[in-house]
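Hi there,

Here is the structure I promised to pass on to you. Have a look at it first, and then read on for my notes.

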Amino acid sequence: MSPADSLHDLGVRTGPEGGTIRVWSAHATSVELVVFDDDDLDWAAVRVPLDRDGDGVWEATSAALTPGARYGLRVDGPTGIEHAFNPVHTLLDPWARGLRPAPDGSWRGVALDSLAAEGFDWGGVGKPRIPLDHTVVYETHLKGFSRLNERIPERLRGTYAGLAHDASLEYLTGLGVTTVELLPVQAFVPEERLVRQGQVNYWGYNTLGFFAPHAPYASPDAQAGGPAAVRREFAGMVKRMHEVGLEVVLDVVYNHTAEEGRRGPTYSFRGIDNASYYRHDVHGRYVDTTGCGNTLDFGTEAAMRLVLDSMRYWADELQVDGFRLDLAATLGRDALGSYSPDHPLLQAMLADPVIGAGRLIAEPWDVGPFGWQTGNFAPGFTEWNDRYRDRMRDFWLGDLRRERRGEPGSGIGRFATRLAGSANTFAHERGPLASLNFITAHDGFTLADLAAYDVKHNLGNGEHNRDGSDHNNSYNHGVEGPTDDAGVAAARRRSIRNLLGTLLLSAGVPMLTAGDEYGRSQRGNNNAYCHDSELTWLAWDPSERDAALETTTRHLLRLRREHPALRPVRYGRFGERVPSASQMDWYNALGETMTIDHWNDPSQRTLQFLAASTPEFEDFNRILLVVHASESGAEVLLPAHPGVDDYELLWDSARDEPDGEIGTRMLPGERLAMAPQSMRLFRAHGEPAPVVVDVAAEDTTDGSPDAAGEVARETLPDTDRTG
């Protein structure tokens with residue numbers, strides 16, 4: 001099944017004779033269009049009944065539906081446990097391009113013409129189309145990014161125009177990221193509970209309108225100009241970002257709507273056809289796989305059409321470069337509630353010439369049965385890799401805590417697997433770029449707070465510290481929260497650099513959370529969804545930013561950009577030379593090839609990882625990453641690898657920032673003193689060596705890479721793929 005052709009052109013289409021509206025409702029007995037007075041959104045100036053076709057589509061044409069017209073729907077139908085029809089309510093068209101609030105708390109749609117018809121000119125600026133292996137995602141909040149930046153005129157701070165300002169663009173391009181992923185910017189409202197508590201929904205995961213930019217993020221002038229002006233400002237932002245080579249990805253929430261649970265507000269879908277748009281059990285109760293009160297039913301063609309039409313509108317009309325799909329497992333659940341990577345909606349995204357040509361990033365889980373689906377999306381999707389997040393936090397923070405307690409660590413094998421592209425999680429044909437690697441995200445501790453807090457501090461959220469995860473794999477290094485202890489502060493900074501370096505030097509697509517590049521803290525709050533304040537906004541005052549960490553971040557991003565061996569496109573195959581699949585070799589502290597015993601030994605805390613590119617489009621490149629994760633220093637013998645003449649130091653995590661030692665050269669077999677808890681990256685100079693093995697390390701339940709690892713096959717165990 002695919003979204004039916006009969007569901008074409010839903011919403012309003014304007015023309016010389018006015019406009020035509022098409023609405024889908026399988027169970028309605030009548031649908032009425034109401035066009036409101038321009039000055040009084042309570043005054044119904046025009047009413048037009050809609051006619052139904054054989055597929056449940058209701059349609060009418062009215063001369064009053066001109067661009068700028070405010071309109072709504074009144075829908076009647078049967079009673080019953082699954083229905084919520086009430087012809088008194090004025091409902092929002094789910095396909096409305098513009099929105100206006102009404103005095104009674106309901107919403108009106110606003111008919112809009114195309115951007116081209118309004119005179120918006122893209123000026124020949126196209127999408128950057130950055131190769132996925134060069135992509136570095138920067139997750140940020142539209143308002144929070146520029147709200148405090150005094151280089152931006154005050155009226156533009158925290159707006160679409162603020163993100164498009166030269167000061168913002170210079171910062172982002174100078175940092176070295178390629179792709180800005182915005183937390184939700186589709187029109188949203190706060191949950192009723194938050195309103196009662198006097199709080200806000202800062203993150204925006206409560207969508208009201210899937211086709212309209214969130215108006216409060218526009219500048220005051222654009223807001224005064226109405227929905228068309230808000231949309232133009234959004235489009236102008238995208239155009240400016242494309243002009244400087246930055247991509248724009250939207251975090252979109254299609255799994256549920258702002259109507260919450262059955263007793264929540266009725267804005268749109270519930271009053272149009274509750275039984276069809278939402279998932280129910282046999283007793284008529286909502287089935288909630290999102291944790292937000294309701295779940296759209298993607299076993300129905302109309303719900304699928306809603307998502308595809310919305311994505312195509314943002315990707316085509318507004319030229320965004322892709323989407324991060326919130327709780328994407330819900331989007332792949334069929335009429336029976338079972339997830340499948342072959343779900344028609346997911347496959348239609350990939351097949352669509354506009355949507356499928358852009359970024360498709362899945363958050364591969366939800367809270368429903370069998371909701372954890374990491375690694376189980378189809379080729380073409382990049383997935384948030386929570387296994388990567390958890391492993392890297394545990395390796396650098398959890399194991400440090402265990403070492404201080406005299407307990408064994410987790411060993412080096414599982415760390416190596418994630419570093420090399422998580423081949424145990426993603427199918428071979430998908431390759432390492434199926435993994436979106438992250439250490440932090442908008443939800444959870446910031447990078448600085450991971451190293452400063454053992455427990456969450458969420459009392460300010462008004463939920464008695466019950467909200468937010470209790471499983472953070474964080475470590476406060478002996479003191480909870482802020483400290484004047486220089487030793488603790490230095491150890492924290494070192495751990496932050498190790499985590500940041502691991503993220504930016506791993507195979508896969510890295511995602512950096514805004515503010516982590518300079519050490520932003522939320523004072524231990526790991527669920528700051530309801531704080532629209534300096535707690536969550538980025539700081540731009542130099543006194544509030546760690547300049548050395550920011551320099552390190554820029555340096556690491558440049559190294560990633562310059563060294564294709566860090567960015568393999570494919571997994572290799574044993575004994576073959578696979579183009580764009582880095583040949584990976586693994587050595588212990590003595591410069592010897594890793595054995596099964598080394599991989600499985602929890603006391604092993606030192607690893608040398610040598611990766612050589614197998615280029616298609618870039619010059620040959622080879623790097624050596626030395627990892628030492630113990631509070632005792634270590635002496636390492638640099639490996640005598642075939643073809644390597646010498647090693648040039650590129651970065652040392654033991655240093656607060658890159659210094660004069662960068663560029664130092666060492667010979668194979670030379671002794672290297674590794675500082676406690678540190679990493680060093682070298683460029684390995686010399687000629688390419690013959691390919692012996694050419695595949696990526698895999699994680700296993702016992703912590704050792706298995707037979708797909710890039711070390712000699714005879715040294716590796718044949719174990720399962722669940723670790």
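Let me begin with a sheet: 4 strands make up an open sheet, in the order β1-β2-β6-β5, with antiparallel pairing. Since β1 (11-15) and β5 (51-52) are at the edges with a single partner strand each, one side of each has no neighbour in the sheet. Please keep in mind that this is a predicted model. Within the sheet, β2 (residues 18-24) and β6 (residues 57-62) run antiparallel and are joined by 6 bridges.

Next, a helix. Residues 547-562 form α15, which has 16 residues and spans 23 Å from its first C-alpha to its last, close to the 22 Å expected at 1.5 Å a residue. At its start, a side-chain oxygen of Asp546 comes to within 3.1 Å of the backbone nitrogen of Ala548. Ala548 is also among the buried residues of α15, a list that includes Leu549, Glu550, His555 and Arg560. What do the buried residues of α15 pack against? Their partners are the helices α3 (166-175) and α14 (486-505), together with the strands β19 (509-513), β24 (644-652) and β27 (678-686).

That brings me to α14, where you will find Asn498. Is Asn498 buried or exposed? Its relative accessible area is 0%, so Asn498 counts as buried. The side chain of Asn498 has a polar contact of 2.6 Å with the side chain of Ser653. Leaving aside residues up to four places away in sequence, Asn498 touches Trp396, Ser653, Gln677, Ser678 and Met679.

Finally, two backbone angles for you to look at. Most residues other than glycine have a negative phi. Asp9, however, has a positive phi, near 55°. Asp9 belongs to the segment before β1, and its relative accessibility of 39% makes it partly exposed. Asn473 also has a positive phi, near 50°. Asn473 lies in the loop between α13 (447-450) and α14, and is partly exposed too, with a relative accessible area of 31%.

Best wishes

Key:
Residues numbered from 1 in each chain as written. Predicted model: local features only at pLDDT ≥ 70, side-chain atom pairs only at ≥ 80, totals over all residues. Heavy atoms only, no water. Pairing = 2+ DSSP bridges. Helix = DSSP H or I, 4+ residues; strand = E, 2+ residues; numbered from the N terminus. Expected span 1.5 Å × (residues − 1). Buried < 20%, exposed > 50% of the residue type's maximum accessible area, 1.4 Å probe, protein only. Contact = heavy atoms within 4.5 Å. Polar contact = N/O pair within 3.5 Å; in protein donor to acceptor, adjacent residues only side chain to side chain.
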